[in-house]
Amino acid sequence: MVKDKSSQSPVTSPEMDPGIWSQLPEVLLERILSFLPLKNFLSLRSTCKHFKSLIFSPPFISKHSSPSSCSSLSSFLLSHPHFHYYYPLYDTILKTWRTLPLSVSPLLSCAPPGPHLLSVSHGLLCFSLPNSSSFLVYNLLARSSRVVEFPEHNFAFELLTLVSSPNGYKLFMLGSSSGSSNKAFVYDSRLHLWHQFNKVDSVLGDNFLQEGVSYHGYLYFTTPEPFSIVCFDLESGKWEKLMTELPGELTFARLVSKGDEKLLLIAGIGQHGISRELKLWELNEGNWVEIERVPQTMCRKFMSICYHNYEHVYAFWHQGLICLCCYTWPEILYYKVSRGSWHWLPKCPSLPEKWSCGFRWFSFIPKLRASV
């Protein structure tokens with residue numbers, strides 16, 4: 001609004017005349033809004049049903065589905081049994097903490113202890129729904145979800161891994177029913193079907209609790225001592241043992257993949273089950289080549305955290321960072337590949353002091369087109 005100098009009465013500015021803007025072609029409006037930063041648009045869409053629907057318009061999806069756009073929302077997501085309906089997020093771009101609330105009805109209706117976050121992949125989150133014999137796959141940005149029923153009745157599962165791709169996603173898990181031995185199950189979102197594969201006891205050994213690492217269509221796992229690496233073909237369901245020789249004197253070993261570009265190994269080195277060093281290797285032409293080691297001061301702190309209970313240790317890749325974590329500690333030890341430096345992510349300020357275990361970190365990079 002401006003004032004006419006002669007009459008001092010308010011008049012409508014031509015630039016903001018509703019009569020002009022109400023006639024703006026739909027295609028042009030979509031194009032204009034597509035240039036908004038993704039974070040701003042996610043806030044704007046709650047003000048108008050029309051704006052909310054534009055998140056699925058071709059111009060908006062085309063502009064904001066690129067890796068560079070989605071990476072601007074990249075965060076570490078922290079899960080804990082006491083977080084029932086929200087999760088702390090650490091924004092790795094802005095270096096700030098946020099809160100991720102859950103708004104999808106199947107999660108909000110869960111009976112105590114509430115939903116449990118199992119796995120995260122390319123913007124999709126997979127929860128177990130207590131007392132419902134099902135999982136929920138959820139896209140936070142699109143606010144879309146799908147309930148996936150267990151493959152069998154009286155079913156017990158472990159080791160679930162969500163693997164998302166541009167063409168859909170797969171759920172891999174070990175499971176058993178009615179006292180039967182563990183078998184491998186794979187859910188294919190394109191077919192909405194579970195596939196059952198052969199027994200795996202002899203391949204993985206006992207008490208195998210690590211998530212699989214996706215690399216070139218396979219899931220890779222490290223086995224308990226004597227340490228080895230096995231892989232599972234997500235299409236054929238066949239198990240294979242990687243014949244590449246592992247480094248010596250390992251006390252524990254964890255795998256990390258940078259998509260389909262690199263397969264990395266981070267492990268403890270020592271004797272009699274006690275780690276004295278932490279080293280990082282890269283698989284190069286069938287051999288493990290050492291590329292880094294953790295500084296001694298950081299290594300000693302991490303070893304004191306897990307107190308030689310290495311089954312609590314896990315690792316993952318996040319936007320150029322190789323992250324090493326422990327279920328009993330609310331911090332992340334990470335390696336910044338571009339700088340060749342190690343750092344600690346500080347504890348979330350909202351965590352109560354009495355929480356001492358059950359911490360689980362995930363790499364969270366929202367994607368608009370990750371279909372459920």
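This is a predicted model: local features need pLDDT of at least 70, side-chain atom pairs count only at pLDDT 80 or more; totals for chains, interfaces and linings use all residues.
**Entry 1: charges over rings.** I started with Arg-360, whose charged end sits over the ring of Tyr-314, 4.8 Å from the ring centre. I looked up the rule: NZ of Lys or CZ of Arg must be within 6 Å of the ring centre and within 35 degrees of the ring normal. Lys-301 does this too, with its charged end over the ring of Trp-344, 4.2 Å from the centre.

Residues are numbered from 1 along each chain as its sequence is written, and side-chain values use heavy atoms, with hydrogens and water left out.

Entry 2: Which way do its side chains point? Arg-360, Phe-362 and Phe-364 go one way, Trp-361 and Ser-363 the other. In a regular strand the side chains alternate between the two faces of the sheet. Five of the five residues of E26 are buried, so the strand is largely enclosed by the rest of the structure. Buried means under 20% relative accessible area with a 1.4 Å probe, protein chains only.

**Entry 3: its sheet.** I found E26 in an open sheet of four strands, order E5-E4-E3-E26, with antiparallel pairing. Strands E5 (96-101) and E26 (360-364) are the edges, each pairing on one side only. Pairing here takes at least two DSSP bridges between two strands. E3 and E26 pair over five bridges, and Leu-78 stands opposite Trp-361. E3 (residues 75-79) and E4 (residues 86-91) pair over three bridges, and Leu-77 stands opposite Leu-89.

**Entry 4: the core.** Which residues have the most contacts inside the largest nonpolar core? They are Phe-76, Leu-77, Phe-127, Ile-332 and Trp-361, in a core of 35 residues. Such a core is a set of buried Ala, Val, Leu, Ile, Met, Phe, Trp, Tyr and Cys residues joined through side-chain atoms within 4.5 Å. I also noted a second, separate core of 24 residues, which includes Phe-252 and Trp-342.

**Entry 5: aromatic pairs.** I looked up rings of Phe, Tyr and Trp (its six-membered ring), which pair if their centres lie within 6.5 Å; planes under 30 degrees apart are stacked, over 60 edge-to-face, the rest tilted. The count comes to 24 aromatic pairs. Tyr-169 and Tyr-187 form a tilted one, 6.3 Å centre to centre with 35 degrees between the planes. Tyr-169 is in strand E11 and Tyr-187 in strand E12, so the pair ties together parts 18 residues apart in sequence.

Definitions and conventions. Helices (H or I, at least four residues) and strands (E, at least two) are DSSP runs, numbered from the N terminus. Buried means under 20% relative accessible area, exposed over 50%, partly exposed in between (1.4 Å probe, protein chains only).
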